[in-house]
Amino acid sequence: MHYITRADISYIATGAAMLGSGGGGNPAPLVPIARYHCDAGHVTVIQPEDLANDDLVEAINKAHKNENSPVGKAVLGQLLENIDIAKKDKTPICQDTGFTVIYLDVGQDVHFTGGDLNEAINKGVAQGYTEGFLRKSIVNNPITDPGNTGDNTPAIIHTHIVPGDKVKITLLPKGGGSENMSRLKMMKPADGVEGIKKFVLETVSNAGGNPCPPTVIGVGVGGTFDHVAWLAKKAITRKFGERSQNPKLAKWETEWLDEINKLGIGPAGLGGNTTSLELFIEEHPRHIATFPVAVNIQCHAARVKTKLI
């Protein structure tokens, strides 16, 4: 277990101000609060190495071996070194520790007692981000009275009732830079599969190096305006190499990924044949008159964890 001392706070605040490129704001107002918690003996650091998924590390290692660009290979090598440092020093693999997105698959035979489920989840998020000293990035009342919530709550919580007596919890900390590059389009049914492919490639091409490639691409097709975005984001929670059970979708996942990696954007947008590490497609029934498509882009810090209880 790693602990933050009172003496560490000034250094952390200075580093956050100099290196915090994701819009975290001035850290000075939080310094007294951090010192209070240190004096109370409350500040321990979450084990961040748990967030560097083994399948992510394997995918970056594979990309590093296959990258043709010397610059791209060097960038991938730095990402691997960064992950090793994070494990050794107990630090996050990226300073943007994301908007907390939670997927709950709740067995219909499960009965929760003792309070509100969503409230309990948000208390857990607040505790994790505060005691773990992860960056708080959530702005309350974004257009009426903006202000940082101070504990990275509220989380985005998606609850799905399923058969059984278990609860599956999937945690996705979603960074802001890659989210900004995501897109949704209400296409025409006549656009077909080629239209979807064109939209996906255009989205990745227009994003360039902004979402911190190599990326993971989630594609949602069908449903409604709101549901297709859910599909695209849920797609990026899959494990690397986990192909769709639909043979056609599985084929397009690999083909479109190859097309993306021919764009030449490369790691960090500096050129190369590794623009994306994975591409996943999820589909849902649609209305006869609609053809919604969403592309959710995830950065190289693709942190996903699932627990079954």
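Which residues have the most contacts inside the largest nonpolar core? Some notes on that and the rest of the fold, bearing in mind that this is a predicted model.

1. The answer first: Leu56, Ile60, Leu172, Val216, Phe240 and Leu277 have the most contacts inside the largest nonpolar core, which has 24 residues. At least two residues of this core come from each of α3 (54-66), α4 (70-89), β1 (99-107) and β8 (276-286). So if you're browsing the model, those four elements are a handy place to begin.

2. Zooming in on Leu56: leaving aside residues up to four places away in sequence, Leu56 touches Phe240, Leu277, His300 and Ala302. Phe240 and Leu277 are also on the list of residues with the most contacts inside the core.

3. Another one, of 21 residues, lies apart from it, and its members include Val204, Ala207, Val219 and Leu279.

4. Now the sheet. Four strands form an open sheet in the order β6-β9-β7-β8, and the pairing is mixed. At the edges sit β6 (183-187) and β8, each of which pairs on one side only. From one strand to the next, the twist averages 15 degrees.

5. Helix α9 (residues 247-261) packs on this sheet, where it touches β7 and β8. The direction of α9 makes about 135 degrees with that of β8.

6. β9 deserves a paragraph of its own. With β7 (residues 215-223), strand β9 (residues 291-298) runs antiparallel, and six bridges join the two. Val219 has Val295 as its bridge partner in β9, while Gly220 is partnered by Ala294. The pairing of β9 with β6 is antiparallel too, over five bridges; here Lys185 has Val293 as its bridge partner.

7. Finally, the whole-chain numbers. The protein chain has nine helices and ten strands, and 41% of its 309 residues count as buried. Among contacts with a separation of 6 or more, 78% are between residues 24 or more positions apart. The chain exposes about 16400 Å², with carbon and sulfur atoms supplying 56% of that area.

Conventions. Residues numbered from 1 in each chain as written. Predicted model: local features only at pLDDT ≥ 70, side-chain atom pairs only at ≥ 80, totals over all residues. Heavy atoms only, no water. Core = buried A, V, L, I, M, F, W, Y, C linked by side-chain atoms within 4.5 Å. Buried < 20%, exposed > 50% of the residue type's maximum accessible area, 1.4 Å probe, protein only. Contact = heavy atoms within 4.5 Å. Pairing = 2+ DSSP bridges. Axes fitted to C-alpha atoms, helices over the stretch in contact; angles between N-to-C directions. Areas by Shrake-Rupley, 256 points an atom, 1.4 Å probe, with all protein chains shown as cover.
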